[in-house]
Every structure is written in C-alpha cells, then in structure tokens.
Amino acid sequence: MAAPKEQIMDVRSVVEAVAAVGDDLEIDTPLYVVESLCMRCGENGTTRLLLTLIPHFRKVLLSAFDCPHCGERNNEVAFAGEIQPRGCCYRLRVPSGDQKMLDRTVVKSESATIKIPELDFEIPPEAQRGSLSSIEGILVRAADGLEALQDERKKVDPQVAEAIDQFLIKLRACASGDSFFTFILDDPAGNSFIENPLAPSPDPSLTITFYERTPEQQAALGYLADPSQLGGQSDEASNEGINSVPHRLLKEPHGSVGARAGRQAIAQGNSAEMTEVLFRYSAPEEVMIFPSTCGACMGKCDCKMFVTNIPYFQEVIVMASACDACGYRNSELKPGGPISEKGKKITLHVENIKDLSRDVIKSDSAGVEIPELELELASGTLGGMVTTVEGLVTKISESLERVHGFTFGDSLEEDRKNKWLDFRARLDKLLSLKQPWTLIINDALANSFVAPATDDIKEDKQLTFEEYVRSWEQNEELGLNDMDTTSADAAYSSADAAPRKSAGD
C-alpha cells in the first residue's frame with residue numbers, strides 16, 4: 001500500500017479535516033503536516049498527524065514531532081473517538097507463578113489510573129501516556145522509571161533512595177509473577193481495557209464495574225461548561241429546589257392516549273376492563289420538574305419526573321433531562337416502592353418473531369444469561385435500560401465488541417479467533433430465530449420485567465417468574481446487610497401513636 005501523501009496545512013484546517021472524518025476509515029486518510037514549536041530549542045519543527053482506526057476498537061490519532069534544528073523527537077497516541085457515557089474500572093487478581101496472566105493485553109488511555117493496593121502503589125494518568133501493552137510491560141516500565149534517577153537520589157537523600165530500592169524489589173517481584181497482587185485499571189473516560197481470554201464467558205479473576213463520573217472527573221476530561229458547577233449547585237438553584245417543585249407541575253396530559261376527553265368517553269362506557277386495557281401505558285397528568293445539572297457539560301438543566309404503574313410489575317419513576325447548552329439527553333427508569341424481600345428470576349422462551357418485540361426492563365442489579373450460547377453477563381453489565389428482547393441482544397453484541405476490542409483483531413491466535421467468530425455467528429442467529437432460545441434475567445432486587453404477550457400474564461406459557469431468597473453474599477453486595485432502619489421504624493411508630501392518643505383524649 002502506498003504511503004499516505006503529505007500535505008502542508010495550518011492547525012485550524014487539520015482540526016476541521018480530522019473532525020469531518022466519519023466512522024468509515026476504510027479509505028486512506030491523508031497524512032497532515034503542521035509546523036510546531038520545539039519546546040527544547042525554541043525553533044519550529046514539524047508534527048505529522050495520521051487518523052486511523054483500530055478494527056473493532058477505537059479511532060486513534062497518531063502524532064510524530066521532529067525538530068531538524070536540535071534533533072528532538074516525540075511520538076504520541078491519542079484516542080480520537082468519543083468519551084464513553086460512563087467510566088470503567090477493571091480489577092484483576094493476579095496469582096503468583098501465572099505468567100499467562102501477566103501477558104494479558106492492556107489498553108491504557110491517557111486518562112486512566114493504575115493501582116496495586118498490596119504495594120500501596122499508584123500510576124497517575126500523567127505518569128504513563130496512552131499505550132497498548134501488557135500487565136508485565138506496564139509494571140516493568142514503571143520500575144524502570146523509578147530506577148532511572150536512583151543515583152541522584154542516593155546523593156541527595158540516601159534514606160529515600162533505600163526505601164525506593166526496597167519497593168523496587170517488591171514491584172519487580174510482581175512483574176515477574178513471583179508475588180500475588182491486584183491490578184486495578186480505573187478510567188473515567190471509559191476507553192481502557194483488560195483482555196479476558198475466557199470471553200464471552202466471565203473471568204472469575206476479572207471484575208468490571210461501570211460508574212457515573214464525578215464533577216471533578218468531568219472537569220479533568222474537559223466536560224465542564226461552567227466551572228462554578230464544580231462545587232455543586234449554586235445558591236440560586238438551591239433556593240429554587242424542592243420547595244418550588246409543586247408550583248412547576250405540568251397539568252396538561254402528554255400524548256393522545258392520556259387525553260382527558262378520551263378518558264372521559266371510555267369512563268362513560270362503564271367498562272372497567274376496557275378502561276384498564278386502554279390506559280395500561282397512559283401518559284401522566286402531572287410531571288414534576290427539578291433543577292439539575294447536565295451529565296455531559298455540567299451546565300444547568302431541568303429534570304422531568306413522573307410516577308407510573310406498570311401492570312404485573314410495580315410502580316416506577318421515569319426521569320428525563322435535556323441540556324440546552326450541549327444538546328445532551330438522558331432518560332432513566334427507577335424502581336419505586338420498598339426493596340423487595342426476595343429476588344426474581346425471569347425466564348423467557350423465545351420462539352417466534354413477536355417475542356423479539358417484547359418490552360424488557362433491565363435494572364442495574366440484573367444479570368443476563370443465554371444458556372444456548374453459554375453466555376452469562378454479571379449484574380450491573382450494560383447498566384439499566386428499557387428496551388426490547390431484540391434491542392437487548394443487540395446491546396450485548398455491541399458491548400462485547402467494545403469491551404473485548406482486540407479479540408477480533410489480526411493479532412489473535414487462530415484458534416481463539418475462530419472461537420470468537422463462531423460465537424458472534426451464533427449470537428447473530430438468535431435474532432434470525434433459526435432455532436428457539438432462552439433469555440434469563442436474574443435480578444436480586446426484583447426490579448426487572450419482561451412484558452407478557454397476552455392480556456393475562458398467567459396465560460403466557462413462554463414466560464415464567466420465579467422468586468427466591470437472596471443469599472448473604474447478594475445482600476452484602478447490595479449493601480442490605482448494613483442497612484439499619486430501627487430509627488426510621490421508631491419514628492413512624494411514634495407518628496402513628498400520636499394521632500391515636502389524641503383520638504383517645
């Protein structure tokens with residue numbers, strides 16, 4: 001393949017050209033060359049920029065600086081794709097003597113932090129730039145960086161140098177596999193990755209969690225419209241808080257289904273059954289609006305909320321927000337009412353095309369299983385969502401390709417590559433319904449739901465709900481073992497006793 005053709009451009013033109021490139025990078029992108037200031041000699045050098053796509057992973061921007069006056073050179077790799085909606089944290093337990101564990105591929109973005117709790121050791125984002133390496137490579141690079149200035153430290157502060165020497169022995173023992181340690185990769189941008197050789201099956205040694213970014217992390221990533229929002233809501237927003245909400249209720253119905261005139265017409269028919277079926281998913285009469293902050297730019301926006309009841313399920317809270325500053329939109333569905341005493345396991349036998357259109361509510365605490373594929377997603381994977389069966393399978397496929405980015409690449413061994421290709425083909429066959437399959441949603445909090453295909457849920461033979469008692473480990477993970485409600489119970493009891501005493505008097 002011919003080398004990309006160089007063209008001299010100014011910085012603004014390069015930025016506009018790179019921003020105009022879409023997701024399809026199969027065609028050769030040009031190599032941009034711009035004049036840049038050399039930070040060593042102060043003369044002008046040249047920076048070459050190339051935008052390329054790593055298959056099934058991310059768009060990356062390769063930059064190379066060269067100064068002809070002093071010989072200074074610098075190469076960098078930066079992510080050119082979008083920041084993910086949530087941050088990610090990988091926690092890998094590395095046993096001693098397991099060299100294969102140290103050879104796992106690690107993609108570290110420029111915003112990621114690496115920690116080893118056993119050594120009380122942390123590699124901040126600025127210490128190592130974005131890189132593609134292995135666990136052993138990252139630890140060896142960190143050890144070499146600490147050892148580089150040891151001679152100078154011994155002259156200035158021998159005690160500190162001695163302590164670093166002792167620490168380097170422990171760090172190199174971890175890098176060689178002689179010691180057990182925990183490798184933590186925390187990336188607020190969500191663009192980092194640790195290889196799972198057992199994928200698509202879960203790895204018992206690897207734990208992946210996704211989280212919402214804090215305002216400080218948003219500011220570090222450059223997603224902060226108003227710096228004053230960093231410390232929280234302003235005084236004006238605080239004064240405009242909960243007390244003003246009742247005055248901001250929307251009294252008009254939303255959508256034709258919940259129209260007032262239509263509801264009256266059905267009600268005059270004196271048919272309770274007809275009314276219940278027609279308005280099963282009716283729009284609310286009252287929508288509450290709360291002041292909030294945008295999850296992307298941290299600017300001020302409104303969050304609209306209403307409470308509704310889903311038949312055969314429970315009361316839910318629907319929340320939606322839109323930011324006028326950056327255009328970001330977000331919608332969430334939260335469970336209402338008390339915490340369920342038991343967990344719930346939902347089993348759906350998918351047999352026809354109509355089953356793919358069933359509504360699915362998957363909460364943050366729910367895990368997903370497809371026995372025919374030996375696929376199991378731990379609780380919390382994919383987050384909470386309101387979708388369909390088809391949409392859930394599509395999300396699973398997209399998530400596997402995003403999280404396990406390099407497992408479909410050319411550098412993978414042939415047998416593992418064929419295993420992944422076979423699995424992806426079997427996953428695609430689920431939506432073509434060439435054979436029946438089973439979808440299992442296991443939710444310890446019983447906040448998930450699959451809609452029945454019949455008006456009476458008992459008549460749906462393909463859908464089953466099974467309740468079970470949560471284990472101590474599940475309650476511990478959900479934080480229920482440490483939950484103490486005695487004070488609240490006492491307050492409610494005293495509040496109930498006061499009216500009775502007044503009535504007795």
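T438 lies in strand β23, which covers residues 437-443; strands here are DSSP runs of E with at least two residues, helices are DSSP runs of H or I with at least four residues, and both are numbered from the N terminus. The structure is a predicted model, in which local features need pLDDT of at least 70 and side-chain atom pairs count only at pLDDT 80 or more, while totals for chains, interfaces and linings use all residues. Residues are numbered from 1 along each chain as its sequence is written, and side-chain values use heavy atoms, with hydrogens and water left out.

T438 counts as buried because its relative accessibility is 11%; buried means under 20% relative accessible area, exposed means over 50%, and partly exposed lies in between, with a 1.4 Å probe and protein chains only. Its side chain makes a polar contact with the side chain of E372 at 3.1 Å. Such a contact is a pair of N or O atoms within 3.5 Å; within protein, one atom must be able to donate a hydrogen and the other to accept it, and residues adjacent in sequence count only if both atoms are side-chain atoms. Leaving out residues up to four places away in sequence, T438 touches T347, L348, H349, E369, I370, P371 and E372, where contact means heavy atoms within 4.5 Å.

R426 and E372 are 54 residues apart in sequence, and their C-alpha atoms are 9.2 Å apart in space. With a relative accessible area of 31%, R426 is partly exposed.

Helix α11 itself runs over residues 414-432; at 1.5 Å a residue its 19 residues should span 27 Å, and its end C-alpha atoms are 27 Å apart, which agrees. The expected span is 1.5 Å times one less than the number of residues in the helix. K417, W420, F423, L427 and L430 of α11 are buried. These residues cover an arc of only 130° around the axis, so they sit on the same side of α11; the arc is that of the directions from the helix axis to the C-beta atoms. E414 and D415, on the other side of α11, are exposed. After α11 comes L433, which has a positive phi near 55°.

Turning to the sheet, five strands form an open arrangement in the order β9-β8-β11-β6-β13, with antiparallel pairing. The edge strands, β9 (121-123) and β13 (206-211), each pair on one side only, and the twist averages 15° from one strand to the next. Two strands pair if DSSP finds at least two bridges between them. Strand β6 (residues 87-94) and β13 are joined in the antiparallel sense over six bridges, with I208 in β13 as the bridge partner of Y90. Helix α3 (residues 135-147) packs on this sheet, where it touches β6, β8 (113-116), β9 and β11 (181-187), and its direction makes about 90° with that of β11. For these angles, axes are lines fitted to C-alpha atoms, for helices over the stretch in contact, and values run from 0 to 180 degrees between N-to-C directions.

The buried residues of α3 include I135, I138, L139, A142 and A143. They lie on the same side of α3, because they cover an arc of only 130° around the axis. The side chain of S134 reaches the backbone nitrogen of G137 at 3.2 Å, and S134 counts as buried at 19% relative accessibility. Apart from neighbours within four places in sequence, S134 is in contact with L102, D103, R104 and V106.

Two hairpins share strand β16. Strand β15 (residues 300-309) and β16 (residues 315-322) pair in the antiparallel sense over eight bridges, and T308 stands opposite V316 in β16. Five residues separate β15 from β16, and Y312 in the turn has a positive phi of about 65°. On to the next strand, β16 and β17 (residues 329-335) pair in the antiparallel sense over seven bridges, and P335 in β17 is the bridge partner of V316. This hairpin has six residues between its strands, and G327 takes a positive phi near 85°.

Taken as a whole, the protein chain has 13 helices and 25 strands. Of its 505 residues, 37% count as buried.
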